[in-house]
Amino acid sequence: MNIELIIGILNIVLISTTPLVFAGIGELVTEKSGVLNLGLEGLMLVGAVTGFITLVLTGNYFYSLFFSIISGVILSGIFAFLVLNLMTNQIATGLALTIFGIGLSAMLGKKFAGTPIDGLNPYYFIVISFLLVFLVGYFLSKTKSGLIVRAVGENHNSAYALGYNVIKIRYLTIIFGGVMSSLAGYYISICYAPMWQEGMTAGRGWIALALVVFATWKPWRLLVGAYIFGGVAIMQMNLQAIGVKLPGQFFNMMPYIATLIVLVFISSNKVRLKLSAPSCLNIPYEKNS
Amino acid sequence: MVFLIRVQLREDYSNLIFYLSPLVAVALTLFFGSFIFLILDLSPIESFKIFFMSPISNSYGISELFVKATPLAIIALGLSYCFKNNIYNIGAEGQLTMGAIFGGGIGLLFNDSTSVFLLPLMILFGAIGGAFWATIPAILKTKFNTNEILTSLMLTYVALFILDYFVVGPWKDPAGYGLPKSMPFPDAGRLPVLFDGLRVHIGVYFAIIICFITYIVYNKTLFGFKLKVSGLSSKASQYAGFKYKNLIFYTFIISGACAGLAGLFEVSGPIGLLYRDISPNYGFTAIIVAFLGRLNPFGIILSSLLIALTYLGAEDAQLFLKIPSAVGFVFQGLVLFFLLGTDFLNKYRVFIK
């Protein structure tokens, strides 16, 4: 192994992991406020396709980024309306969002599949992803607003009693999560690929979801976890190239198994669970009760 | 002028709205669906004909409808046990895959068998495989207090990679030109079809039997009563002395076994061998089926037929309207959105003044 090869591998890890950081950090904030959004995969795909279509039609990167973000705002806004105002089951609503997003993105993108575009330089987004993790970490632990978000996620009834508008705060965190997922999708179709293909996010939404749990809802650990997950995926390809006889599937299932182990570890102890997971996660908030 | 919308918790519980809301959701889906067709420059009426009528206009189509509805109904019936108990097993896709691996593995192990016992053995192992995969989240939930939503979801992906490993590695067909698929099962391991030349198989009978058993369990047995109570309040059920942890176990095992059964039926029925994509998301779609059927066994049969139609319609739409078959997912997503939304009216009264 020479130094150039190592730098080459690190470079690939850096480029391929960034969508996980975006989607993961968004979902982390959503979950910190007590809402579990299983719709990441759908949000990412729609974000990817709207950005791509706008770029093909207008040739303008700014517009394409803008419309990608708007798609995230609209879709996560619908999710927020359902789970917050209509108090629907978060799991079912999130799954509906994923299924809907997979279908919608495939339909919209049909005419544009295979159209060549000039990709954006991924390094801007990589820098932004690091900054975002830093900002979210700072926001959640050091600012008053971050404290309020966490309070809403820990005990929405107390937060309401203290005079905070639980629904409004959750709207904001859900939409933040949605926009981050769209950005992850945008990055995949505009910087990483760069192209559009049906279902091109390839399950990254679910890995991002696992990542938040793996990181025990802490931004810095999320960044480290993302690079571990991303690194394992790249390592698998390289090990196979060298001729290591371990089946690639075992590397691919590593993120999920690691998340399971972390989940068991934090859940088996009540104190540990309280310190890691937001207590009101996936519990609907009803004002009347 | 300002409209103020006020909501109030219903004190009475309306059965009518409860069973009417799936119909409202379907109607709303069709309404919004027609907009989607309009955006795509297609006539909504023509498109709906192709989407919902042409797939079932001949005997082959009707057979295909049952082929698609069977796994959905079986999985959703199993899931209804979990959902009634307020346990969110969303890993049916993984349990289905495990069932296919276990049952299909038996078929590959005895690939020169002509015994009449081969198929029953495969069916048994299919159910065991699914149940086994479902016991993992059940154990983690009861012993370590782990969130079953996340664990069952993670295990789904683990199961998919295990299947991938087998069909790429040890079980790959040596005569398969290196394609990631297994050898075909022997004839003794294939599910009998009901009519010659059509793909609809005896899995339909299983779905109907499971439906009736489920109806009896829910309405006539103590177990069904315990499920209802603990679904409404796990505290009340514990106070009444029901062993809540056992209930979690039983419901997981039942739903896992059903999903495993459905997986085995898929591979030993229409497919006939093991390969990567044995299920077009049946395990996740069955969650929609269960909700749309209101966790009622007969409702689930009806909703499984409706959702199966979205699969078929999507295939026809791809063929004749040149739109991706993923349009079926759009309809499935929409119907679930609207169903969940209309449930609000079931719980609350809405006033506008």
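Between the two chains, 37 residues of chain B are in contact with 35 residues of chain A, where contact means that the C-beta atoms of two residues, placed from the backbone, lie within 7 Å. On the side of chain B that touches chain A, the elements giving two or more residues are helix H5 (118-144), helix H6 (148-168), helix H11 (282-292) and H13 of chain B. H13(B) gives the most, with 13 residues. By class, this side of chain B has 26 nonpolar, nine polar and two charged residues; Ala, Val, Leu, Ile, Met, Phe, Trp, Tyr, Cys and Pro count as nonpolar, Asp, Glu, Lys and Arg as charged, and the others, Gly among them, as polar.

This is a predicted model, in which local features need pLDDT of at least 70 and side-chain atom pairs count only at pLDDT 80 or more, while totals for chains, interfaces and linings use all residues. Residues are numbered from 1 along each chain as its sequence is written, and chains are lettered from A and ligands numbered from 1 in the order in which they are written.

Helix H13 of chain B covers residues 327-347. At 1.5 Å a residue, its 21 residues should span 30 Å, and the end C-alpha atoms are 31 Å apart, which agrees; the expected span is 1.5 Å times one less than the number of residues. Because 17 of the 21 residues of H13(B) are buried, the helix is largely enclosed by the rest of the structure. A residue is buried if 20 or more other C-beta atoms lie within 10 Å of its own, exposed if 12 or fewer, and partly exposed in between.

Elsewhere in chain B, the axes of helix H2 (residues 44-53) and helix H12 (residues 297-321) come within 7 Å and cross at roughly 130°. H2(B) and H12(B) are therefore oblique to each other. Angles under 35 degrees count as roughly parallel, over 145 as roughly antiparallel, 65 to 115 as roughly perpendicular and the rest as oblique. H2(B) contributes Ser47(B), Ile50(B), Phe51(B) and Phe52(B) to the contact, and the residues from H12(B) include Leu309(B), Gly313(B) and Asp316(B). Seven nonpolar, two polar and one charged residues make up this contact.

Chain A contains 13 helices and zero strands, these being DSSP runs (H or I, at least four residues; E, at least two) numbered from the N terminus. Of its 289 residues, 49% count as buried. The C-alpha trace of chain A spans about 60 × 45 × 30 Å along its principal axes.

Note on methods
Axes fitted to C-alpha atoms, helices over the stretch in contact; angles between N-to-C directions.
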